[in-house]
Amino acid sequence: MTKILIFGGNGFLGGETVVELLALNTFDITLINRGNWKNYDSNIRIRPFVKTINIDRESSTAVEQLRSSIGDEHFDAVIDFSAYDSDVVKDALKVLENQIKLYIYISTDSVYEVCLPSSNDLSSETDSIRPTTTDEYERLRRKDLYGHKKLKIEERLLHWQSLSNNNWSYVILRLPDVLGPRDSTDRWWFYQMWIQFYLSIQKPVEISTHLRSSYVYVNDVARYITYILSKTFHDSSTIFFNQILNIACKEIISINDLFTLIIDELNLNFLNIPIKYNPNSEINFFPSVTRGGVNISKALSNQFNWKPTPIKQVIRETIQWYNDAYGQYPNERSYMIKRIRRTLLKNDENAYGKFLFDVNQYATQSTIKRKREEEKKIVVVDQITINSDHGDYRQEKLFKHNEM
């Protein structure tokens, strides 16, 4: 068993990755997090199948807690989903440097926001160069503190590895905005609910920019991390040692394009839902960057073998999951209803009443539909007796009916 230590692992990206790793049954997984298992069904589909250690990485005693919990146990790889400050990575390496072979850090395309502008339309891995002047450095740092901190972690990781006498390496994955099921930020479900129940809400869907940017599918990220680990530890490959990779869908699209694709997938074109440009909109979840899309040619090469899902398929699968989520996750649905009431409907009680009724009715229908589909998934054993010149024999066939 390949031993993996994961910081996080119970959220949006981390949870999907853990499920992907568990499916292979070749990884021994330990999660370090704060013990919050409230993200959809993480408490059911992840927690029982992994070892867990509760540590708050921001705590002043985090290093001591990690050292006492891990002891001298060695791990093949660390996957870090939860580092948002360079000090927590420094603390982790203080304990783990002599006990790991690979450190996979999940970074972001926001790092390019605090770097010198690229001469190309798309940001490449080599474009993460800070300004040399203090004033410009500080201006960009204030503009995007998140991007600054994530790049600071990358810089700390590279520096630590370069000075290390130990045989460990890093992989840094720079991700754009992530789409897919179980998004703990609830950005997708907010937009999907807004569009699906436009007739109740009666508010134009707003965009604050025409910028074309990149997106990535959470399932693709999970599969790729699994691929990196399998190549490194099962195939003894070194191609990922000390690599930085942009990974994203191939398509570079605007938020207007994204909404249009969602409307089309929901078969709601007949409603002519207005998409309104409002640069001062309070609701501007996507995109989270201003520099545009990322160049993924390095990851797409035969060497690194990144194979992203087409954006239309990403949208189709994500919509379907949230359609089912209306009935499966009543607490999360209720939270989204309250959020839309607070941000879109405000004091319009009549609109809210209609919206609430329509969502709850849809959730009920979704639940009934899912139960009926589960009932259809029956196993029928059909025994067929066949006569032949070589004697009689009985052949059994097992049919699993998804459609009846």
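Contact means heavy atoms within 4.5 Å, and helices are DSSP runs (H or I, at least four residues) numbered from the N terminus. The views show a predicted model, in which local features need pLDDT of at least 70, side-chain atom pairs count only at pLDDT 80 or more, and totals for chains, interfaces and linings use all residues. Residues are numbered from 1 along each chain as its sequence is written, and side-chain values use heavy atoms, with hydrogens and water left out.

**View A. Residues joining helices α10 and α12**. From α10, L258, L261, I262 and E265 meet I311, K312, I315, R316 and I319 of α12.

**View B. Packing geometry of α10 and α12**. Helix α10 (residues 255-265) packs on helix α12 (residues 311-328) at about 55°, and their axes are 10 Å apart (lines fitted to C-alpha atoms over the stretch in contact; angles run from 0 to 180 degrees between N-to-C directions).

**View C. The interface of domain 1 and domain 2**. Domain 1 spans 2-180 + 215-246 and domain 2 spans 189-211 + 250-287 + 310-379 (bounds from an automatic or database domain assignment). Nine residues from domain 1 and 15 residues from domain 2 form the contact. The domains bury about 1,100 Å² between them, 65% of it on carbon and sulfur atoms (accessible area, 1.4 Å probe, lost on being put together, summed over both). In domain 1, Y40, Y215 and Y217 lose the most area to domain 2, together 58% of what that side buries.

Methods. Helices (H or I, at least four residues) and strands (E, at least two) are DSSP runs, numbered from the N terminus. Buried area is the accessible area (1.4 Å probe) that two parts lose on being put together, summed over both.
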